[in-house]
Protein chains: 4
Amino acid sequence: MSLSLKQVSTHNSDKSCWVIIKDSVYDVTEFLSEHPGGSKIILKYAGKDATAAYEPIHPPDALEKNLPPQKHLGKLDSVSLDQLELARGHRKKTEDELRIEREQAAKPPINRILNLKQMEDVARKVLSYKALAYYSSAADDEISNLENARAFSRFFFRPRVLRPLSNCDPSTTILGFKSKIPVFVSGAALAKLGHPDGEANITIGAGKTGIIQMVSSNASLSFEQVAASRISPSQPLFFQLYKKKDNKAAEQRIRDVEALGYKAIWLTVDAPVPGNRERDVIAGWEIDDIERLAQGDKAKADQPRKKSDMEEVEETIDTTGTAGALIANDDINMTWTETIPWIRSITRLPIVLKGVQCVEDAVLAAEAGVDGILLSNHGGRQLDFSPPPLEVLYQIRKERPDVFNKMEVYIDGGVRRGTDVVKAVCLGAKAVGLGRPFLYAQSAYGAAGVVKIVRILEREIVTAMQLIGARRVSDLVPEMVQRVDWEPIQAKL
Amino acid sequence: MSLSLKQVSTHNSDKSCWVIIKDSVYDVTEFLSEHPGGSKIILKYAGKDATAAYEPIHPPDALEKNLPPQKHLGKLDSVSLDQLELARGHRKKTEDELRIEREQAAKPPINRILNLKQMEDVARKVLSYKALAYYSSAADDEISNLENARAFSRFFFRPRVLRPLSNCDPSTTILGFKSKIPVFVSGAALAKLGHPDGEANITIGAGKTGIIQMVSSNASLSFEQVAASRISPSQPLFFQLYKKKDNKAAEQRIRDVEALGYKAIWLTVDAPVPGNRERDVIAGWEIDDIERLAQGDKAKADQPRKKSDMEEVEETIDTTGTAGALIANDDINMTWTETIPWIRSITRLPIVLKGVQCVEDAVLAAEAGVDGILLSNHGGRQLDFSPPPLEVLYQIRKERPDVFNKMEVYIDGGVRRGTDVVKAVCLGAKAVGLGRPFLYAQSAYGAAGVVKIVRILEREIVTAMQLIGARRVSDLVPEMVQRVDWEPIQAKL
Amino acid sequence: MSLSLKQVSTHNSDKSCWVIIKDSVYDVTEFLSEHPGGSKIILKYAGKDATAAYEPIHPPDALEKNLPPQKHLGKLDSVSLDQLELARGHRKKTEDELRIEREQAAKPPINRILNLKQMEDVARKVLSYKALAYYSSAADDEISNLENARAFSRFFFRPRVLRPLSNCDPSTTILGFKSKIPVFVSGAALAKLGHPDGEANITIGAGKTGIIQMVSSNASLSFEQVAASRISPSQPLFFQLYKKKDNKAAEQRIRDVEALGYKAIWLTVDAPVPGNRERDVIAGWEIDDIERLAQGDKAKADQPRKKSDMEEVEETIDTTGTAGALIANDDINMTWTETIPWIRSITRLPIVLKGVQCVEDAVLAAEAGVDGILLSNHGGRQLDFSPPPLEVLYQIRKERPDVFNKMEVYIDGGVRRGTDVVKAVCLGAKAVGLGRPFLYAQSAYGAAGVVKIVRILEREIVTAMQLIGARRVSDLVPEMVQRVDWEPIQAKL
Amino acid sequence: MSLSLKQVSTHNSDKSCWVIIKDSVYDVTEFLSEHPGGSKIILKYAGKDATAAYEPIHPPDALEKNLPPQKHLGKLDSVSLDQLELARGHRKKTEDELRIEREQAAKPPINRILNLKQMEDVARKVLSYKALAYYSSAADDEISNLENARAFSRFFFRPRVLRPLSNCDPSTTILGFKSKIPVFVSGAALAKLGHPDGEANITIGAGKTGIIQMVSSNASLSFEQVAASRISPSQPLFFQLYKKKDNKAAEQRIRDVEALGYKAIWLTVDAPVPGNRERDVIAGWEIDDIERLAQGDKAKADQPRKKSDMEEVEETIDTTGTAGALIANDDINMTWTETIPWIRSITRLPIVLKGVQCVEDAVLAAEAGVDGILLSNHGGRQLDFSPPPLEVLYQIRKERPDVFNKMEVYIDGGVRRGTDVVKAVCLGAKAVGLGRPFLYAQSAYGAAGVVKIVRILEREIVTAMQLIGARRVSDLVPEMVQRVDWEPIQAKL
């Protein structure tokens, strides 16, 4: 069936809500109530073209999977499509888009990037306001987010001298898979927000540099697309599972990714409910305001408020932001005794718990027989005042060093320098995950950005290893690190 | 008797001092020396209309209670009243009033308020200079005030994962009365300074959200008015007692509030004498200066000083500010052995000591058989370098955990986030009081503001409970909190 | 003999150097080499009027004592004197003097001063550049100076409630002499730099408020003048002794002050050599530069340097500033075994050691049988990184509490609030000295300023005592103070 | 042979690369691949005059030593030389050179320099951008560099009073050689970058003030030149050895300096690989950019990039900066069991290990029988988060005080005040090294600057010794220093 813009435009309410994505028309009326991100955001595009809002945050197969075929109403007719293309082309660029174009033109040559901080600085300039808010936001006052990084500054080295150092080799294994450095990509969602190629940038970069990517359940590419982006079929990928409430759906997802060749399941245990990320919520509002003004909606904005403050305050409002939308259907009642055995019964892949945050749970994990734990507070995005993972690692080292013998232990959160990686490995981490830095790198320079920061980390790790007297990762021992009792100056170069 | 403005105007000195409040005339000559706020402030209005200065800081029954009937001289005659109304209407607005009008028009819709800090930011804009000075002021250099809040940043969580979390319920009881969240309104005086409806805003907001209000002895509404503002007769209220020197008066006040249905007596023990709140004192002076200038009194201001510095310095001056005025007649000699048994003999209501600040006194309170203690330093308004209540709570937890079994323990001071509440409850607090945040909320949006911040706290508390692995308040245990040995970054989002 | 300006002007070199002070002429040629401040400063005025430079930093009897009678050459003739008076009157005021006049006119009424910080703020405005540099300067990077004050912020109270508090009495004794509050004036030199009445302001203020002044050996008034300024003959004074190398001179000084009725000898032991006070040294240079320019000496300033850097660097230069000048003839070889018994043999007055800085020396002092020690680092003016006296007091309390039973212990340095005083007394200090605050107070408002800050301290001390549950100084015990393990926010109100 | 500019200009590629240094022409084609600083930097001057780039960073004998005689092609002909001289004279000064000329003219007289911080401030103004970047740069985020200095602020004195102090003598010995104060010049390379006389300034200054200079392997003067600069043949010099991979070359160097009269070998053990000094790398790039623009190369700079980001990122780029160039041929596989005995077998000079950073290696060094260790992290220039040497010293004092009896222990890093020196000596350091301060001093005022800072240190050391009660270096004992548990305010005078 071929449809006209005019036809579509009449289905512009929650009674009948049609939207255009690319060249196709979909009836999403019945889907409104199920949309994890709420109905309100869809209704903004009721009867209209929703492509620009849809694409950066959904994998291309999202509609296929979520909408029954009969709701795929068909294509636009060619006249309408021409009109639409024209409109899309003529659409006046927003202030933010113009700003980004200027920043893209002015960004430095990639080989002038010396460290991950500088890479982030470039990304902060070329990212859209909304994408930056989503990437950089963290829970409440963002204290855990900042403390994650500051924790590393409390750990100084105890370097050894007069040791042979040639042919220093920083390689290791993660769950048995080779990694050129003790670093992996920790699951980070919505890469397309920062770059049109999305997670594929990271896959390519990881493949070229020999490190392993953990792919988020909330990736903006489909798992097939990510798998297909690998530079060779032997490139390993890990899968970050957000378990759905519905066990069938959860099982299907595990079987799907296993079939696609993913090598391990990293079960997210620190995000049963969404964190309070105010920066993300505020960005959404501000963008709405700007759009409304841009659409000549000023009159409306200036209208006297109709409701009293008390009436307004009693309304249900959504303050969960992007985070809430992504996990709305997840399992909030996972347990040690049910969930872990259930997953073990579904798959033979190694299982890692992502988001362990205290010694007791590390011990429980070891007892539950999982293959690894990732000490993580989700980059400080979930619970403010959750402890910095490096401090948790240090507590395990002091109180229960036996844990390191029973399974692999990883950390993520706040890692920005090769010295950070080396400190964590000295204390017992098998490898160290980075999330935001990869999102920033691919936003700034695509796959090349990803390659660049791995090369930087490799150089920094090798230098640090040699300067503390280590030639192999196995030479890195707890005695090479000391926790100091003063508060060091923070980096600000 | 009907009086003219002219008649009144001749009684303009400490020999004979008449003032107009609304449409009535009072002879306050003999009351001058008894006025807790000093005679000077009344003499400013001798022979004049005192309504604007009187209303925001006195309950309407204050004159009834304090002035014998024969001093109620009668109403103004209708001509005088018309003149007065005209004058009141024509009165040129002050700079501060004009500023507030602009800020009121510009304040954000209430549902854009995401946290208590933003609510305070709005209030700081719409409050009068004087009200803000009174609300925000604290003792000396305001260090305890700031440290109260900073203390929370030293306590991080030890979150547990893989626990069932659905139907998370943050409700609790306080002295046996149900509370939807472990939060109550801690006594905070002079709400009318911030909003014409005063404490009633808080009463309504507390009623609508299911939390309990502790009403200050120094409320700017009468206890009857507050009680009458409840949304239902079953809504519980607590009474914050400032015990008068005069036992009879004190007893009468207790019997009065008991008769009005107040459910507990919270005896203030941290304010026997006024704190040194310089911000409040300075605001008073600055307002005087502005008024004097506005009244064409510049000439006077410019006159050469008549007295030497030494003569001036020997004058008695009042530097106790609003705080001193409010407690001028309070009992400075309360004791464990006399005061507690005496109150117990007067009333069967539960008794809570408000303002305990060390482990020894917590133990004494338990031995004295009171029903609870509120660990509090009066929001840092009394003694600078009094310890942050959270640290006192932590010391009791470490040194005398038996105290928590003998009575309920609460804290207030510096609580701004749901995580703050959860930390205190983990350490043993039955509930947590907030004072200034409710004053700010009602100043910004009236009762709706109060509802708003309770809803925010509820959402934050539930999120924090779930993310540390707790479904009930009883799941919150000391092991879920750790005191860190470094100084965390402070919130500044 | 009567001399003319012209006659004097020919004696303008180190061969023959005459100077005019007020209306008299002195031959100081032979004194040049003995002047503690060096010859250079005198030679600036050779053959000229030196009154303005001489007066603020010398007691009026300094010339009498130091110059033999035959060097008192006589008075100026009346024509010369008229000329001089005219010149003095017509002298163009310096920028700094004009600035001070403006600040003096603008300073607030004395009763608007609420705390010692505000008093210092006024003084910093009305003081000359040179005086402020001398008063405020401290050793090296001024870290001990700042840490003295910061130390108090690490000590919080442990307040007790429900104790009778009426008739709170903060009085105590010092060496048996009554003091209205546990505060005394610690020796601080050169008060005339800040106010023409100099130390007499402090004497009068101390007398009126019932506290005791320790008078510096380096006072800018003579000891007779200070003694004569007392408001009654019974007003006690203490004498701060800088012991001269020459035992005879030292003995004479002790006998002189004893005869004048001074009640105790406070022997300075922390200043055998001058501290490195760069702020003071720099101020001297800058003033020289300004004067040279003002005297049309720009040409000279612009002349090419004659010497190489290496020649210049080998010159002897004076970088000891005012501090060095004052103690140039003091005894650098005092010992426990010789000096203390010697003083004891000279006088029956109580002896206090001013400047003890560690536990071991406190113990030695107790064993040496002195009557008291003042824990002090000279306001941070001598050795940078000398410990804050409050920390030394705390160490003695923990390690050698027996010391407090054997003699009186005082501290000074960094005290600015009544709470500071109360903390120190809780920990065992018999009384607390303040130096700079009294210099600032008398600079700002003369004797009235001194009265003012004592009254402020008294109010603050009484409030703090009551709010921690103490009615007498003897109620202040170590258990009322706790040293916290975090770094509190610093005062900035 | 006499060559023309035109002839030289045709040898302008890596096929045939000739350069002019002063008046001579060299064929460096075959040397390109051996140049420690890489070929790229030489090719910039292929066929051209390289004098200005060559001189400040090479000893004059560098070409003699590294280039076989047949590559010394001869002198320029006189016409060419005249042309070149003219060009050199007419060369337009760069912005940076003009800025430096202005700063040189405005710098203060040397005797106005009161402390090492002020000396550094002058140097920072008169140094070229490139030189300042090299001198001031440190590893990664420069945290160890800053922490080196901050560490001193955690150590306060415990001063003793009433001790005889006259004739205070701060002299000591280092490896048996007399030193006027317990301070030496720690190896610091490339002094000619800051001043045309280079390391000779330091040699002369050290000789005049009686302290000892350790001369870097990377000095910009030859070891003969430095030795020849001594003010007398008896002035001792130490040699800082960077051991070459090639044992023969290393042995030759040791024998050379021994023959020249150097008195000890300080073997660098903390720099087997270059540190990551981003400030230095960035400065290099920025200078390149400026030069390219200045040479009308703007067009080229504006050209569209030819390569993709991914192609660029795969290029090998040099980010080791100056540090990497200097140590490119050094021995990366030194060991306790081979290297130390080997050096001992080569020379009878005392051997000191420069760069020990933990207690274990201090113990190993004592067991290896070396004569001393220098606790150092290379001024924070190698490994970020290497521990501050003062903290390492303190750990040795606490854990293994026997080490101080077995060999001499020194520290360097962050020393800026006499009090710093005295603290280190109290804790057991035989002497204290300073590096950057001497580079800054000679850059600002040549040899006179060096004399000046030694005189300042001497005055500060003597003052500190006297004010803690010490007359000899041997009176300085660990009990005179305490490590405080709070974070002191940092110097900012």
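Me: Which residue just after α18(C) takes a positive phi?

Reply: In this predicted model, local features need pLDDT of at least 70 and side-chain atom pairs count only at pLDDT 80 or more, while totals for chains, interfaces and linings use all residues. Residues are numbered from 1 along each chain as its sequence is written, and chains are lettered from A and ligands numbered from 1 in the order in which they are written. Helices are DSSP runs of H or I with at least four residues, strands are runs of E with at least two, and both are numbered from the N terminus. The residue is C:G369, whose phi is about 80°.

Me: Which residues of helix α18 of chain C are buried?

Reply: A residue is buried if 20 or more other C-beta atoms lie within 10 Å of its own, exposed if 12 or fewer, and partly exposed in between, with C-beta atoms placed from the backbone. In α18(C), which spans residues 359-368, C:D361, C:A362 and C:A365 are buried. Because they cover an arc of only 105° around the axis, they lie on the same side of α18(C); the arc is that of the directions from the helix axis to the C-beta atoms.

Me: What do the buried residues of α18(C) pack against?

Reply: Two residues are in contact if their C-beta atoms, placed from the backbone, lie within 7 Å. The partners in chain C are β13 (351-356), β14 (372-375), α19 (389-399) and α20 (403-406).

Me: In what order do the strands of the barrel in chain D follow one another?

Reply: Strands of a sheet pair through backbone hydrogen bonds, either parallel or antiparallel. Two strands count as paired if DSSP finds at least two bridges between them. In chain D, eight strands close into a barrel in the order β9-β10-β11-β12-β13-β14-β15-β16, with parallel pairing, and the twist averages 30° from one strand to the next. Strand β9 (residues 183-185) and strand β16 (residues 431-434) of chain D pair in the parallel sense over three bridges, and D:V183 stands opposite D:V432 in β16(D).

Me: Which helix lies across β9 and β10 of chain D?

Reply: Axes are lines fitted to C-alpha atoms, for helices over the stretch in contact, and angles between N-to-C directions run from 0 to 180 degrees. Helix α10 (residues 199-209) of chain D lies across these strands, running at about 160° to β10(D) (212-216).

Me: How far apart are the nearest C-alpha atoms of chain A and chain C?

Reply: They are 11 Å apart, and the two chains do not touch.
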